[in-house]
Amino acid sequence: SSFSLIVTVSNDGNLPERDIVVKVRLTSETRPDPQEREQRIPSLEPGGKRSLTFGDLEPTRNQTKNTVSVFVDPVTDEKNVENNRRDYSFAVRG
């Protein structure tokens, strides 16, 4: 069975950002091909947040390690890119 992932992106800078690319990748120890999804945020004002839903992701079951990675492509002149990626690992029973 599949799940949906809700990703919240925030603009912590002091300038509006345009055309923000957000990517999600689901991998597992036993499935060689990653499941990848991508969405764009047209604009985000300073201090603003936007939530995106990425659906139809199918993790591997039976206690296999799955990893979901979320990436936000750097915007023009972005200097702090350390917070543009997050990785989460989990296992699903059954």
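**View 1. The largest nonpolar core of this predicted model has 16 residues.** A nonpolar core is a set of buried Ala, Val, Leu, Ile, Met, Phe, Trp, Tyr and Cys residues joined through side-chain atoms within 4.5 Å, where buried means under 20% relative accessible area, with a 1.4 Å probe and protein chains only. Within this core, L5, V7, V9, I20, V22, V24 and F54 touch the most other members. Two or more residues come from each of β1 (3-10), β2 (17-28), β3 (35-44), β4 (49-57) and β5, and β2 gives the most, with four residues. Strands are DSSP runs of E, at least two residues long, numbered from the N terminus.

**View 2. L5 is shown with the residues that it touches.** Leaving aside residues up to four places away in sequence, L5 touches V24, L52, T53, F54, L57, V68 and V70, a contact being heavy atoms within 4.5 Å.

**View 3. N84 lies in the loop between β5 (66-72) and β6 (85-90).** N84 is buried, because its relative accessible area is 10%. With residues up to four places away in sequence again not counted, N84 touches V70, F71, V72, D73, P74 and E78.

**Notes on all views.** Residues are numbered from 1 along each chain as its sequence is written, and side-chain values use heavy atoms, with hydrogens and water left out. Because this is a predicted model, local features need pLDDT of at least 70 and side-chain atom pairs count only at pLDDT 80 or more, whereas totals for chains, interfaces and linings use all residues.

Key: Buried < 20%, exposed > 50% of the residue type's maximum accessible area, 1.4 Å probe, protein only.
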